[in-house]
Amino acid sequence: MEPGDILYIPPGFPHEGYSLENALNYSVGFRAPSGRELISGFADYVLQRELGGLRYTDPDVPERQHPADILPQEIDQLREMMLDIVNQPETFHSWFGEFITQSRHELDVAPPEPPYQPDEIYDALQQGDKLVRLGGLRVLRVAGEVYVNGEKLDSPHRPAVEALASHIKLDAEKFGDALEDPSFLATLAALVNSGYWFFED
């Protein structure tokens, strides 16, 4: 290989490489969540929000040949009871948006000191300063909603929220009229003061 070359190694192929001379190389991996992680994450979401409170009921218990038997239809009913929670689109989308945007490693956040006030962010943007998204921060859309590091962004200013998801760098023009709304400025200030966005030097 020559300097600057990229080598793609498909998943499932163990490998070990050595440099013939002093060199600096970068290894980039993409790791999808396992089924166990998905189930565990969804279970945590359900417990934290006290969902799935419906209890199993069977008023027409059928007779069985052996007193210790759990009948197949009873197992099916239990499974359907559990799947009903997963099959609720709003619940599933909300969980997945929070789950998939949570960083799996520690972000290099540097919250500003002192924290910005909303009017300071407004003034900086109006003067031409640009906000830059923190490297590694996950900002994704799920079912039309935007999630940032495990939290949904609630705002009626959809174009401005979409801009946060679409652009690494943001200026006043991309936020549009949302900057005139104190509630949106408060949301933006919270994101900046969390270290998720910062002003470009």
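**Sheets, loops and a patch**

Analyst: Three strands build an open sheet in the order β2-β3-β4, and their pairing is antiparallel. Keep in mind that this is a predicted model.

User: Which strands of that sheet stand at the edges?
Analyst: β2 (139-142) and β4 do. Each has a single partner strand, so one side of each is left without a neighbour in the sheet.

User: What holds strands together in a sheet anyway?
Analyst: Strands pair through backbone hydrogen bonds, either parallel or antiparallel.

User: OK, how many bridges are there between β2 and β3?
Analyst: Four, and the two strands pair in the antiparallel sense.

User: How many bridges join β1 to β6?
Analyst: Three. β1 covers residues 131-133 and runs antiparallel to β6.

User: Which residue in β6 is the bridge partner of Val-132?
Analyst: Phe-198.

User: Now the loops. Where is Asn-149?
Analyst: Asn-149 is in the loop between β3 (145-148) and β4 (151-152). Its phi is positive, near 45 degrees, and it is a residue other than glycine.

User: What about phi of Glu-50?
Analyst: Glu-50 has a positive phi too, about 55 degrees, although it is not a glycine. Look for Glu-50 in the loop between α1 (35-48) and α2 (72-86).

User: Does Glu-50 count as buried or exposed, and why?
Analyst: Exposed, because its relative accessibility is 70% and the cut-off for exposed is over 50%.

User: Which two residues does the cis peptide bond join?
Analyst: Glu-113 and Pro-114, with omega about -5 degrees. Pro-114 lies in the loop between α3 (89-101) and α4 (118-126).

User: Last topic, the surface. Which residues form the nonpolar patch?
Analyst: Met-1, Leu-7, Ile-9 and Phe-13. Together they have about 460 Å² of accessible area.

Technical notes:
Residues are numbered from 1 along each chain as its sequence is written. This is a predicted model: local features need pLDDT of at least 70, side-chain atom pairs count only at pLDDT 80 or more; totals for chains, interfaces and linings use all residues. Side-chain values use heavy atoms; hydrogens and water are left out. Two strands pair if DSSP finds at least two bridges between them. Buried means under 20% relative accessible area, exposed over 50%, partly exposed in between (1.4 Å probe, protein chains only). Patches are made of residues with over 30% relative accessible area and no salt bridge: like charges are joined within 9 Å, nonpolar side chains (Val, Leu, Ile, Met, Phe, Trp, Tyr) within 5 Å. Accessible areas come from the Shrake-Rupley method with a 1.4 Å probe; for residues, only the protein chains shown count as cover. A salt bridge is a side-chain nitrogen of Lys or Arg within 4 Å of a carboxyl oxygen of Asp or Glu.
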